[in-house]
Amino acid sequence: MPIAKNNPNLLLGIDIGGTGIKGGLVDLSKGVLVGERVRIDTPQPATPAAIGDVLSAITKHFQWNGLIGCGFPGVVNQGRIMAAANLDETLLGVDFARLAQERTGCPTWVLNDADAAGLAEVTFGAGKGRRGTVLLITVGTGLGCGFFYNGQLVPSTELGHLKMKDKDTGKICDAEELASDRARQEHDLSWKQWAKRFDRYLKYIQKLFWPELIIIGGGAVKKGEKFMPLLTVPCATALAALGNNAGIIGAALAAKNNLGKK
């Protein structure tokens, strides 16, 4: 592979999602991917062993032997999985940082996937230089949230699990059951119909936290032109400048920040 592996700013970032696991080499001096990323479907069921197989495959694909950052779609505490709503329940309680290191042979830092994407955006992207409260909402299988105050991460806020009323059924459910991209597809909603639900969710969290900026990330950024003009939440909004690669870049950055000096 014609990539200088001795570059001290080069790290491998991996972003685990409900439907796909993506990896790429990141140049942290610029906050960009170097070369092509690789994507492998998330195993079903997404057991620790099955995800470990994918992490190993991605590491071998890049012939990597160095620090790895890994974003995980759930609550992570000191590398251990505390909640994983959209993956297999056998992941609960697993020391995922240790599992990843055993399967890849590389020191691995694990954090919430939306926290990783947010870290990339406040460092290199749409939130760079912004003071006050900045939220990044990832729209995909669920709704992830990265919460930052003056550039500092408040980890694992999980605002996708705020309770909202489904106006069609009157039932109370998690916000991501109404306003995630999976909900849009499962309920066969038009972008206009979905945007109305998503806007209501954003207004809810705006009233709770009064952010200076809400950044929209995740897979939905590819269709941003279909819903961003329809949002009426009374604060600044922006698409993730790093697109759907923000999670990979932020995971690599977190690994450097937390493991790079050890």
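A: Helices (H or I, at least four residues) and strands (E, at least two) are DSSP runs, numbered from the N terminus. This is a predicted model, in which local features need pLDDT of at least 70 and side-chain atom pairs count only at pLDDT 80 or more, whereas totals for chains, interfaces and linings use all residues. Residues are numbered from 1 along each chain as its sequence is written, and side-chain values use heavy atoms, with hydrogens and water left out.

Q: How many helices and strands does the chain have, and in which helix is Leu202 found?
A: The chain has 8 helices and 14 strands, and Leu202 belongs to helix H6, which covers residues 191-209.

Q: Is Leu202 buried or exposed?
A: A residue is called buried under 20% relative accessible area, exposed over 50%, and partly exposed in between (1.4 Å probe, protein chains only). Leu202 is buried, because its relative accessible area is 0%. Of the 262 residues of the chain, 55% count as buried.

Q: Which residues is Leu202 in contact with, leaving aside its neighbours within four places in sequence?
A: Contact means heavy atoms within 4.5 Å. With those sequence neighbours left aside, Leu202 is in contact with Ile137, Ile214, Ile216, Leu231 and Val233. Ile137 lies 65 residues from Leu202 in sequence, yet their C-alpha atoms are 9.1 Å apart in space. For the chain, considering contacts with a separation of 6 or more, 62% are between residues 24 or more positions apart.

Q: What radius of gyration does the chain have, and what would a compact globule have?
A: The radius of gyration is taken over C-alpha atoms, and the globule rule is 2.2 Å times the number of residues to the power 0.38. The chain has 18 Å, which agrees with the value near 18 Å that a compact globule of 262 residues would have. The C-alpha trace spans about 50 × 40 × 30 Å along its principal axes.

Q: How many disulfides does the count come to?
A: A disulfide is a covalent bond between the sulfur atoms of two cysteines. The rule applied here asks for a pair of cysteine sulfur atoms within 2.5 Å, and by this rule the count comes to 0 disulfides. Cys70 is in no disulfide, as the nearest cysteine sulfur, that of Cys106, is 12 Å away; Cys70 is also buried, with a relative accessible area of 1%. Cys173 is likewise in no disulfide, the nearest cysteine sulfur being that of Cys145, 18 Å away, and at 12% relative accessibility Cys173 counts as buried.
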